[in-house]
Amino acid sequence: MYLRMQLLLCTAALLCRSTVQLTSSQSGQYKYEIKTFDVRVDHFSFAIQDTFKLRYLVNDTWQKTKDAPIFFYTGNEGNIEAFAENTGFVWEIAPQFHALVIFAEHRYYGESLPYGNQSFADPRHLGYLTSHQALADYVELIQHLKSRPQYNNSPVIAFGGSYGGMLSAWIRMKYPHIVQGAIASSAPLLQFMSCVECDTFTRITTSDYRAANPTCPELIKRTWSTITNVTSNDQGKKWLSDNWKLCEPLKTAEHVKTLKDFLQDVYVNLAMVNYPYEANFLAPLPGKPVNVFCRHLTDASLTGKPLLSALYQAVSVYTNYTGKTNCISTTNAEPGLLDIQGWDYQACTEMVMPMCSNGINDMFEPAKWDITSYNNTCFKKYSVSSQPYSICEQYGCKKFPGASNIIFSNGLLDPWTSGGVLRNLSDSVISIVMPEAAHHLDLRKTNDKDPYSVIVTRKFHRYSIKKWINEYSLK
């Protein structure tokens, strides 16, 4: 879990680098065109001249006048359509501002693969998967859009949630002449070496379960040794495989470890998307899924196989809420969203986010943070060494003296608040804390069950965006 969880001026030539519309899509309720734009594989070297097609989604339905604002979503670690469908706030406010809406896909994710099917096959090809290369992609795309007469003087507002929120904040910090302001929701900019205690993430996750039912995290804590004991022989492995309907039956100790890693991911994911209503972001889930999960773990006397049977019922809230799943696959806890391969590489190189647990202050199996072991694991996978201080050196951590026009919003139910900016840094770098909110709930579409803090936060987002646009027009 811990490894996973963690500018060129426009010329006339740029006009030839965008393809014609590929298709007109309506996935769910939002309409957009899918286009591509040619960008360099390496923006920071004159030696590599390779280019690839970066995908982006565009909707110009609400543009009414020349120089309309551009709402630009800085894409995350997955297929861009999934983020467009789960960022309803941008779609809801675009008509008010008559904005052009852009969702840009992150390189090496979705279909934006610099070397096609070989992008992950060769370390020499994979080395261009970095945040600063991705930001340069976005800057070139923005410059391309603004090279058109109707957008020459359009203000650009960046939006992003989670890693996308980090990118929206960083693009404003590094390229303030390109982006006028940024809404960075659930962006763990401080989740790096020497910035936060490594167990903060797991303690926040545990507190969500404790708030649902104090017995729940205590029983989860008990299950780690129970799984070990039950699966200590082949008969026990078969029992658990059959009773839990595992797609990949447990045969070895490594399989048991994979199951435990999967369970940790499920617990974290439920806390992240602990929304007050039904949602389908990481998986189809009921409203307040942590509460629903913990309803199965209220009997403090449970031990042994009865405890694991109760845990299976609880985990099924995440794995089979629809009742249509025939078996539990433990290979990927976010099959519909996160691209594990790409993010695993980023977590190994620059996005090194220390996490640990002690099994005392949290409900997880004890696991120490060891950068040497972490780096060795990464080197075996990708033949690269981790650079745990790279992000802080590139963008800054703790302090951001040059930052302006950024709103950081964090929900206290979200484990990633552990690395969030939770205090105002200046008059224009504002932190908003939403006590009842999970992962970037404020960027999701409006729902009758939204907590008051989220409603107020969205109002402040709209106020800030209007202010930034007005300031831009006065330049």
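Predicted model: local features only at pLDDT ≥ 70, side-chain atom pairs only at ≥ 80, totals over all residues.
## Disulfide count and pairing

The model has five disulfides. With the bonded cysteines numbered in sequence order, they pair as 1-7, 2-4, 3-5, 6-8 and 9-10.

Cys195 is partly exposed, at 21% relative accessible area.

Cys198 and Cys356 are joined with an S to S distance of 2.0 Å, and the link is right-handed, with 75° about the S-S bond. Cys198 sits in the loop between strand E7 and helix H6, and Cys356 in the loop between helices H12 and H13, so the bond ties together parts 158 residues apart in sequence. Cys356 is buried, at 10% relative accessibility.

In the disulfide of Cys216 and Cys294, the sulfurs are 2.2 Å apart. Its torsion is about -75°, so this link is left-handed. Cys216 belongs to helix H7 and Cys294 to helix H10, 78 residues apart. Cys216 is buried at 0%, and Cys294 is buried at 1%.

Cys247 and Cys327 are bonded at 2.0 Å; a torsion of about 95° makes the disulfide right-handed. The two cysteines lie in loops, 80 residues apart. Cys247 is partly exposed at 29%, as is Cys327 at 31%.

## Helix H7 against helix H11

The axes of H7 (residues 215–230) and H11 (residues 304–319) come within 9 Å and cross at roughly 120°. The two helices are therefore oblique to each other, and the crossing is left-handed.

Residues making the contact include Leu219, Arg222 and Ile227 of H7 and Lys305, Leu308 and Leu311 of H11. The contact residues divide into six nonpolar, three polar and two charged.

Technical notes: Residues numbered from 1 in each chain as written. Heavy atoms only, no water. Axes fitted to C-alpha atoms, helices over the stretch in contact; angles between N-to-C directions. Helix = DSSP H or I, 4+ residues; strand = E, 2+ residues; numbered from the N terminus. Parallel < 35°, antiparallel > 145°, perpendicular 65-115°, else oblique. Left-handed = near helix turned anticlockwise from the far one by under 90°. Contact = heavy atoms within 4.5 Å. Nonpolar A, V, L, I, M, F, W, Y, C, P; charged D, E, K, R; others polar. Disulfide = S-S within 2.5 Å. Buried < 20%, exposed > 50% of the residue type's maximum accessible area, 1.4 Å probe, protein only.
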